[in-house]
Amino acid sequence: MLLGLERQFGLCGTALIWFRSYVFGMTYRVVYAGGTSSVVYVVCSVPQGSVLGPVLFVLYVADLADIINRQDDTQLYLHCCREDITMAATRLKECIIDVGRWMSANRLKLNTDKTELFWTGSRRSISQLHGHGPSIQLGTDTVPACDHVWLLGVIISADLSLDRHVSVVSSASFYWL
């Protein structure tokens, strides 16, 4: 992390020494019911709830954007014609694999259980994909295409309609009435 702060963000001298003193040499122990655990040295982390925690996290994941950008996209979504859907699925798979490698190298884990694949288009296009579109194989895990996603609290269907969202909100409203 300190190497990244120095090379990618140009920190040096006193600022770099200050960050080093903040992230290295941390320990913790648990005191419970009159007993005390042995001291554990923290090798990678920042104190929970610290003011610098969010800043250090942003610095920590800054090069992840470079990995995604190498895939010719700044987001993990692609525009494609229905004829090119297999190629788009392959590009997304390669990008997700690269992100997974980065995460592994940085002591993180890509949770494929929370990874969603969503193909969207007109009702006609979606019906020609038999409702879903191809899935993506990530190692031993398969990420199936889903017919709707939650995006910022809104349910979006594959045909970009809000029918399902309206239905869920209406049901919840009637329940509370």
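**Salt bridges**

Q: To start with this predicted model, how many salt bridges does the structure hold?
A: The structure holds 4 salt bridges. Let's take some of them in turn.

Q: What makes R101 and D98 a salt bridge?
A: Their side chains meet at 3.1 Å, N to O, and the cut-off is within 4 Å for a nitrogen of Lys or Arg and a carboxyl oxygen of Asp or Glu. So the pair qualifies as a salt bridge.

Q: Why are R101 and D98 said to be separated by about one helical turn?
A: Because they are 3 residues apart in helix α5, which covers residues 85-105.

Q: Are R123 and D159 exposed or partly exposed, and what makes them so?
A: R123 comes out at 53% relative accessibility, over the 50% cut-off, so R123 is exposed. D159 comes out at 22%, which falls between the 20% and 50% cut-offs, so D159 is partly exposed.

Q: What about R123 and D163: how do you know that they form a salt bridge?
A: The closest N and O atoms of R123 and D163 are 3.3 Å apart, within the 4 Å limit, so they do form one. This pair also links distant parts of the chain, with R123 in helix α6 and D163 in helix α7, 40 residues apart.

Q: What makes R123, D159 and D163 one network?
A: Salt bridges that share partners join the three residues.

**Cysteines and a buried serine**

Q: How many disulfides are there?
A: The structure holds 0 disulfides. A disulfide needs two cysteine sulfur atoms within 2.5 Å.

Q: Why are C95 and C146 called buried?
A: C95 has a relative accessible area of 3%, and C146 has 18% relative accessibility. Buried means under 20%, so both cysteines get the label.

Q: Where is S157, and is S157 buried or exposed?
A: S157 lies in strand β10, residues 154-157. With 11% relative accessibility, S157 falls under the 20% cut-off and therefore counts as buried. Leaving out residues up to four places away in sequence, S157 touches F118, T120, D147, H148 and R164.

**The hairpin and positive phi values**

Q: How do you know that β9 and β10 pair?
A: They pair in the antiparallel sense over 4 bridges, and pairing takes at least two, so they pass. In this pairing, W150 stands opposite I155 in β10. β9 and β10 form a hairpin with 2 residues between them.

Q: What is there to say about L152?
A: L152 is in the loop between β9 (148-151) and β10, and in the turn L152 has a positive phi of about 50°. At 84% relative accessibility, L152 is over the 50% cut-off, so L152 is exposed. The C-alpha atoms of L152 and R123 are separated by 23 Å.

Q: What about A33 and L160, and why are they called exposed?
A: A33, in the loop between β2 (31-32) and β3 (35-36), has a positive phi near 50°. L160, in the loop between β10 and α7, has a positive phi of about 65° although it is not a glycine. A33 is at 74% relative accessibility and L160 at 55%; exposed means over 50%, so both are exposed.

**The whole protein**

Q: How many helices and strands are there, and why is the protein called more spread out than a compact globule?
A: There are 7 helices and 10 strands. The radius of gyration is 23 Å, well over the 16 Å that the globule rule gives for 177 residues, so the protein is more spread out than a compact globule. Buried residues make up 26% of the 177 residues.

Conventions. Residues are numbered from 1 along each chain as its sequence is written. This is a predicted model: local features need pLDDT of at least 70, side-chain atom pairs count only at pLDDT 80 or more; totals for chains, interfaces and linings use all residues. Side-chain values use heavy atoms; hydrogens and water are left out. Buried means under 20% relative accessible area, exposed over 50%, partly exposed in between (1.4 Å probe, protein chains only). Contact means heavy atoms within 4.5 Å. The radius of gyration is taken over C-alpha atoms; the globule rule is 2.2 Å times the number of residues to the power 0.38.
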